[in-house]
Every structure is written in structure tokens, then in C-alpha cells.
Amino acid sequence: MRIQISSRTLHSDFVKKVAEISGQDLLACNQCGKCSAGCPMCFAMDLLPNQVIRLAQLGLEEDIAASKTVWLCASCFTCTVRCPRGVDLGRVMEAIRLITLRKNVDYVEASDIPRDTIGELPQIALVSGFRKHTA
Amino acid sequence: MDLSYYPGCTLKTKAKGLEDSAVASMDALGIRLVEIERWNCCGTVYSLAEDDLAHHLAPVRNLIRVKEQGSDRVGTLCSFCYHTLKRANLLMRNDGEKRQTLNDFMEEEVDYNGEVEVVHLLEVLRDDVGWENIAAKVRVPLQGLKVAPYYGCTLLRPQEVAIDQVERPTILHQLLETLGAEAVDFPHATECCGSFQIVGNPDFITQCAWEILSSALRRGAEALVLTCPLCHFNLSQRQSELMQRYSDFQGLPILYFSQLLAIALGIESKVCHFESGYGDPLSLLKSKNLVS
């Protein structure tokens, strides 16, 4: 993966926001990859979870925004319990999602979901799905 | 013994089989579940953002209802509710600043400081009733039934909410063996089913379900037992699509732990509401002569 870093991105508001919302020290990550090794949604991700952290460390917001990885995280906390550096990656993913959602951008459009599906899904699916994927 | 009980939304609608079988079983084991009054939705997911306190209000209000009832312990059945209530409770116990803000905001409520203990009913079975006492009350041993215990995520992770060892849980194994069934160990027992991604990315759930179900089948499981209504939905509702995709996949019945408990205790199977689920667990149980 080819990336371009600059002092502008390294000191961007994005890095500060992710750290502030997640309460995590992004620089604690040393890219061991254990989070990606255990992630059950990796098969569908374009960026691996450890790559998202790396891009976040470098402030490369646009590269993260172009990826669907944070939207595929199911908050299963497998990475969270396995990180040897104590980074709660589940919280980092949430922070990055929220930075988008707080611009009033939805990832899931409720009106696109077929009526029958809404009737069939358990309440916990709908409430959690909308909590995680809508503004 | 009475135990305050928080059911949550899904147990009153889509997962009646989980609730009714658990209430009847606990009653048979000497524990009366007392539903708390005026409960509300737990919010389903615990807010993971440092600056989002509003979403802690729903679970904390439920804990206040428990406290108002004069109880210091609340039992939960749904894995989502357990997780959300447990973590919100820990936040109220351990974070003085956020506790103050939340209590100030809920000025109409009594102050709450995390006094209530949140437990899952599996813990009550293990720690209060005890496996030996359950074994003594088994009327229909689940002999010859090979069941894969599936734990999912929210009862085990993160560490501070884990009802058992995070990476190597045994609580469901122990329950199954207590009931006379054979617990089939399989490598995907704690793997996520994809959870709420069923709403926005249902195709990925099909893949997650296949990984878990095929892993259990390879180990010889005849059924899979779990605690969570969303895992139940994701792992059972996707099976018709998997049958079309994989011609040799014949399906795997999905059961709640409380359904097997009720059957083993000799409680009428109507409390299990098998008619409202997916797949056909009843045929399997009939073939083993466990229900008539």
C-alpha cells in the first residue's frame, strides 16, 4: 500500500478527534497485526484493522473514509481483548464511524430496507444496526 | 429465592422461546424471576465514545428501576441486554465524573452509584443453583444429543464483562453435560456471527453463519446452543440460503440454552415456542425421544 504522509496530516484535527472520542492512544499500536488475525469480518474488508490504525496514526482521513472497513466492524471486541498493547480497537472504529455520522451522513438508509425484512428482524438487530450506522 | 429480572424488548416478541423456557426452568429450580417494573430498552449497544453520555441513560435508568425495587441484583437473559447493562453499571461504579454528569441530568431519578449487580442467568445457574443441584432435577437426560455450545461475543468480551474465561469458556459446556448431552467442542465457539451487520450487510452474515455452522458440523454437532436472540436469528434465518448455496448442507437446528434446560427438567415443551423459530429443532428432539 502506497501512502503519502506530511506534517499537515500528522497534526490534523482528525488524529486529535479519533484519540479524544475513542480515549485511546493510537501511537501505542506497533502494528503487530493480531487484531487483523482474529477479526471475523476481515474477509469482507478492503483495509485490515491494523491498517486502519496505521492510517489513523498518520492522519490519513481520506484514505480511511474511502474504505468500508470501519462500517464492517461488528464491535465483537475480539481485537480489543487480544491487543498486546492495550489498544481498544473497537473504540477506535467507533470514533471513526462517529466522525462521519456526526456530519449527518448515514451508512444505512432505513427506507431502503424491505418492509418484510424489518418485520422479520429482531428488535436488537434494528436498534443496534441503526445506532451503529445512522446519524 | 426471588431474583429481579430484566427481559428486554426482543424477549417479549421474537425470542419468547428464550424467555418462557428460562422463567419456567428457573422456577423449577427454586428461583422466581421477578420482572422489574417500567423497564425500557437497554439501548442494545454500549456507547464506545468518550463524549457520548446520552446513550448510557437507557441502561442506567433500568438499573435505577432495580434499585427502586429494593433489589441489589438483576438477572438478564439476552446477551445484548446483559452486555449493555453490565458495562453501564461498571461506568457508574468506576467513573466519578461521568456518574456525576449522568445523575445530574436525570434529576427526577434517585442518584445511582452502581449499587446493583448485573448477572446473566447462566451465571445464576452455575453460581447460585450449582450444576449438582441442576443434575439432581433432570427428569429427561439429553442422552445421545451432540450439541455445539456457541458463546458469541457479548457475554465474554471485553474482559470486564466476561462471565467465563474470555478465550476458553466452558459454562455452556458444563450446562450441557449437566443435562446429559454431549458438548461438542468446536473452534468457532466464540467467533462473532456478524451481529447487527444483518441490517446493512446481510450477505456478509451468510458467510459468517457458514463459517460457524460448518465448523460445528465438521465436529459432529447435531444442534447448536446459544444465548443471544441476534445470534439465533443470524445463524438460523440464513440457513435456507446456505442450503441453496451448498447442496450437501442439510441444516443445523439452533436452540437457546434455556430450551434444552426446560426439556431436560421435564417441563412441557410449549414453553420453548419451537413453532416460532427457524429450522426444525423439534424433529431432532423427537428423534432422540426427548419430547413426545
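Helices are DSSP runs of H or I with at least four residues, and strands are runs of E with at least two, both numbered from the N terminus; the expected span of a helix is 1.5 Å times one less than its number of residues. Residues are numbered from 1 along each chain as its sequence is written, with chains lettered from A and ligands numbered from 1 in the order in which they are written. This is a predicted model: local features need pLDDT of at least 70, side-chain atom pairs count only at pLDDT 80 or more, and totals for chains, interfaces and linings use all residues.

**Stop one.** Now colour by burial (buried: 20 or more other C-beta atoms, placed from the backbone, within 10 Å of a residue's own; exposed: 12 or fewer; partly exposed: in between). Because 10 of the 13 residues of α8(A) are buried, the helix is largely enclosed by the rest of the structure. Among the buried ones are A:Arg91, A:Glu94 and A:Arg97.

**Stop two.** Move to chain B and select 2–121 as domain 1, then 141–287 as domain 2; these bounds come from an automatic or database domain assignment. Their centres, taken over C-alpha atoms, are 25 Å apart. Across the boundary, 21 residues of domain 1 are in contact with 24 of domain 2, where contact puts C-beta atoms, placed from the backbone, within 7 Å. On the domain 1 side, α1 (16–28) and α3 (79–94) of chain B each give two or more residues, and α1(B) gives the most, with 9.

Definitions and conventions: Two residues are in contact if their C-beta atoms, placed from the backbone, lie within 7 Å.
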